[in-house]
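Here is a short report for a reader new to this structure. Look at the sequence and the model, then read on.

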Amino acid sequence: DRIIADLGFDLRRARTASGEDDWAQREEEYMRLNLQIRKLEEELELRRKAEAELRDQLLNQEHQTIELRFEREQVQPRTSRLEAR
């Protein structure tokens, strides 16, 4: 979809380049800025998704760490009793 928009933009730019009037230049700049905004919005969305995935991974790792600490705390008294025998 974005590739088609880019090609359409390039085509309009080529057509208006032959006219070179002020209105055509403004329209070309407006289209260029709109495409740039669209690309940046898509990039932002991808980064937000990546951030959410990393946040989920971090949360899972934190839970695993808490579980391992709990297990260690439960095992230490048992180990001490077995060593005392």
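## One turn apart: Arg47 and Glu43

Arg47 and Glu43 are four residues apart in helix H2, so about one helical turn separates them. Helices here are DSSP runs (H or I, at least four residues), numbered from the N terminus. The side chains of Arg47 and Glu43 meet in a salt bridge, 2.9 Å from N to O. A salt bridge is a side-chain nitrogen of Lys or Arg within 4 Å of a carboxyl oxygen of Asp or Glu.

Arg47 is exposed, at 57% relative accessible area. Glu43 is partly exposed, at 36%. The terms have cut-offs: buried is under 20% relative accessible area, exposed is over 50%, and partly exposed lies in between (1.4 Å probe, protein chains only).

## How the model was treated

This is a predicted model, in which local features need pLDDT of at least 70 and side-chain atom pairs count only at pLDDT 80 or more, while totals for chains, interfaces and linings use all residues. Residues are numbered from 1 along each chain as its sequence is written, and side-chain values use heavy atoms, with hydrogens and water left out.

## Arg55 and Glu51

How many salt bridges does the structure hold? There are four. One of them joins the side chains of Arg55 and Glu51, at 3.3 Å from N to O. Both residues lie in helix H2, four residues apart, or about one turn of the helix.

Arg55 is partly exposed, with a relative accessible area of 48%. Glu51 is also partly exposed. Its relative accessible area is 46%.

Lys39 forms a salt bridge with Asp6. Their closest N and O atoms are 3.8 Å apart. Lys39 is partly exposed, at 35% relative accessible area.

## Ala5 in helix H1

Ala5 has its place in helix H1. Is Ala5 buried or exposed? Ala5 is buried, with a relative accessible area of 19%.

Which residues does Ala5 touch, leaving aside its neighbours within four places in sequence? Ala5 is in contact with Leu35 and Arg38. Contact means heavy atoms within 4.5 Å. His63 is another matter: from C-alpha to C-alpha, Ala5 and His63 are 45 Å apart in space. In sequence, Ala5 and His63 are 58 residues apart.

How values were computed:
Helix = DSSP H or I, 4+ residues; strand = E, 2+ residues; numbered from the N terminus.
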